[in-house]
Amino acid sequence: GSQYWQEKLAADEKFDLVSGVLEEMVESDEKFHKMQTRFKDRHCGVFEDEDENKLEYTTIHKAWVENIEAYIEKLLKKKVKGFQMSDFLRILEERNDEVSGVVWKLL
């Protein structure tokens, strides 16, 4: 009954809030953009325009994922009360069709 709808509304509001924070980060967060640029500049010399992927690419990708996840988690914990990455990842799986294109590309 009523409790179900209250919980659903709270989940909808939290999802919308988290999505909004992520969109804002991608579109206008200078610190995020500087982090991307520094990472790209540090590693771009490794990549070559070849059909074969180097094993080193995997290491660089893993470092990027760790950096971006840490940045996102810190930002969301600061902006969204009670944020837990594990909850967000579960909800994201259920609602991936509701994530904006800009945020989806990042994730």
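Me: Helices (H or I, at least four residues) and strands (E, at least two) are DSSP runs, numbered from the N terminus. How many helices and strands are there in the protein chain?
Reply: The protein chain has 5 helices and 0 strands, and its elements run α-α-α-α-α from the N terminus on. This is a predicted model, in which local features need pLDDT of at least 70 and side-chain atom pairs count only at pLDDT 80 or more, while totals for chains, interfaces and linings use all residues. Residues are numbered from 1 along each chain as its sequence is written, and side-chain values use heavy atoms, with hydrogens and water left out.

Me: What percentage of the residues count as buried?
Reply: Of the 107 residues, 28% count as buried. Buried means under 20% relative accessible area, exposed over 50%, and partly exposed in between (1.4 Å probe, protein chains only).

Me: Which residues have the most contacts inside the largest nonpolar core?
Reply: They are V18, L22, M25, I72, L76, F83 and F88, in a core of 25 residues. A nonpolar core is a set of buried Ala, Val, Leu, Ile, Met, Phe, Trp, Tyr and Cys residues joined through side-chain atoms within 4.5 Å.

Me: Which element gives the most to this core?
Reply: α3 does, with 8 residues. At least two residues of this core come from each of α1, α2 (30-43), α3 and α4.

Me: What does F88 touch?
Reply: Not counting residues up to four places away in sequence, F88 touches V18, L22 and F83; contact means heavy atoms within 4.5 Å.

Me: Staying with α4, which of its residues are buried?
Reply: In α4 (residues 85-95), M85, F88, I91, L92 and R95 are buried. They lie on the same side of α4 because they cover an arc of only 125 degrees around the axis, the arc being that of the directions from the helix axis to the C-beta atoms. The face turned away from that buried side carries the exposed residues S86, E93 and E94.

Me: Changing topic, what is the volume of the largest pocket?
Reply: The volume is about 300 Å³. A pocket is an open set of points on a 1 Å grid over the protein atoms alone, where a 1.4 Å probe fits, with protein on both sides within 12 Å along at least five of seven lines; lining residues have an atom within 4 Å of a point. Grid points are joined across faces, edges and corners, and a volume is the space filled by probe spheres set on the points.

Me: Which elements give two or more residues to its lining?
Reply: α1 (2-28) and α3 (55-79) do, and α3 gives the most, with 6 residues.
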